[in-house]
Amino acid sequence: MGPPPDARPIDRRTVLGAAAGLLVLTALRPVGATPAEMADAIRAFTGGAPVIAGRVKLDIPPLTENGNAVPLAVTVESPMTLADHVTAIAVFNEKNPQPHVATATFGPRAGRAGFQTRIRLADSQIVTAVARMSDGRFFSDSAEVVVTLAACLEG
């Protein structure tokens, strides 16, 4: 079975035009996320529920020389009992390619609500941690980080 009788063959000019258009679209797309995309990612995590400032402590250096491995620690004030505990902590940033960096899940037997890790930061930006409680409430903390040597830009 061959092509339909009225089908136009694809010539070199059409392929080059399509490739140039794809290149322009790729160049116009922002490399990193935007603050609005970070807000959308937080809204997706919370299901649109309000986020209250407090109970979460985000410990991240305000100034870092190298964005390739920025230390980060998140702790949440919680008794970690069956009735009142943290079920998840998520970290978001506003300028990396993906605004939702990580999510750690917890149960009442975790004993302590918190974790430490290192993240890559593409540029100076705001980092936010959001904790989901067992009663459905959300708490957060944010910090602005100045990065002098950005990560994610090396080839």
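Apart from neighbours within four places in sequence, Ser 140 is in contact (heavy atoms within 4.5 Å) with Val 51, Ile 52, Ala 53, Gly 54, Val 56, Thr 128, Ala 129 and Val 130. The model is predicted, so local features need pLDDT of at least 70 and side-chain atom pairs count only at pLDDT 80 or more, while totals for chains, interfaces and linings use all residues. Residues are numbered from 1 along each chain as its sequence is written, and side-chain values use heavy atoms, with hydrogens and water left out.

Ser 140 is placed in strand E9, residues 138-149, strands being DSSP runs of at least two residues, numbered from the N terminus. Gln 125 belongs to strand E8. Buried means under 20% relative accessible area, with a 1.4 Å probe and protein chains only, and both residues are listed below.

| Residue | Relative accessibility | Class |
|---|---|---|
| Ser 140 | 15% | buried |
| Gln 125 | 2% | buried |

The side chain of Gln 125 reaches the backbone nitrogen of Lys 95 at 2.9 Å, and a polar contact of 3.2 Å joins the side chains of Gln 125 and Asn 96; a polar contact is a pair of N or O atoms within 3.5 Å, where within protein one must be able to donate a hydrogen and the other to accept it, and residues adjacent in sequence count only if both atoms are side-chain atoms.

Note on methods:
Helices (H or I, at least four residues) and strands (E, at least two) are DSSP runs, numbered from the N terminus. Buried means under 20% relative accessible area, exposed over 50%, partly exposed in between (1.4 Å probe, protein chains only).
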